[in-house]
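Good morning, colleagues. Please direct your attention to the model on the screen, which I shall discuss briefly.

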Amino acid sequence: MTDRPQYPNPVITTLQQWAPPPALVGFLALLICMFAAAYAVGASAGPVAPGMRSGEIDAPAFDGDLGRPHGHSGGTGTGGAGGTR
């Protein structure tokens, strides 16, 4: 047999240089599988509270206005210019 010298292919050498380590690839694959399994279990279990619905309900939404002037954080009004104490 004749031994020929192996000349590395520049494309393969570049890919090997920039490829992530196999342990990282395995960890990411395991992480994706775990998230998929957790999602499947959660989807099969359904809502966690009886009567739990989506955000679309018939009751009027709270708009956040409590009758205070804009710019005030809700103090009694005697706290001065600094707001609540």
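This is a predicted model: local features need pLDDT of at least 70, side-chain atom pairs count only at pLDDT 80 or more; totals for chains, interfaces and linings use all residues.

The protein contains two helices and zero strands. Of its 85 residues, 1% are buried. Its accessible surface amounts to about 8500 Å², and carbon and sulfur atoms account for 64% of that area.

Let us now consider helix H2, which covers residues 22–45. How far apart are the end C-alpha atoms of H2? They are separated by 35 Å, which agrees with the 34 Å that its 24 residues should span at 1.5 Å a residue. The number of buried residues in H2 is zero, so this helix lies largely in the open. Just after H2, Gly46 adopts a positive phi of about 80°.

I turn next to the surface. Leu24, Phe27, Leu28, Leu31 and Phe35 together make a nonpolar patch of about 490 Å². An α-helix has 3.6 residues a turn, so residues three or four places apart point the same way. Within this patch, Phe27 belongs to H2.

Thank you for your attention.

Key. Residues are numbered from 1 along each chain as its sequence is written. Side-chain values use heavy atoms; hydrogens and water are left out. Helices (H or I, at least four residues) and strands (E, at least two) are DSSP runs, numbered from the N terminus. Buried means under 20% relative accessible area, exposed over 50%, partly exposed in between (1.4 Å probe, protein chains only). Accessible areas come from the Shrake-Rupley method with a 1.4 Å probe; for residues, only the protein chains shown count as cover. Patches are made of residues with over 30% relative accessible area and no salt bridge: like charges are joined within 9 Å, nonpolar side chains (Val, Leu, Ile, Met, Phe, Trp, Tyr) within 5 Å. A salt bridge is a side-chain nitrogen of Lys or Arg within 4 Å of a carboxyl oxygen of Asp or Glu. The expected span of a helix is 1.5 Å times one less than its number of residues.
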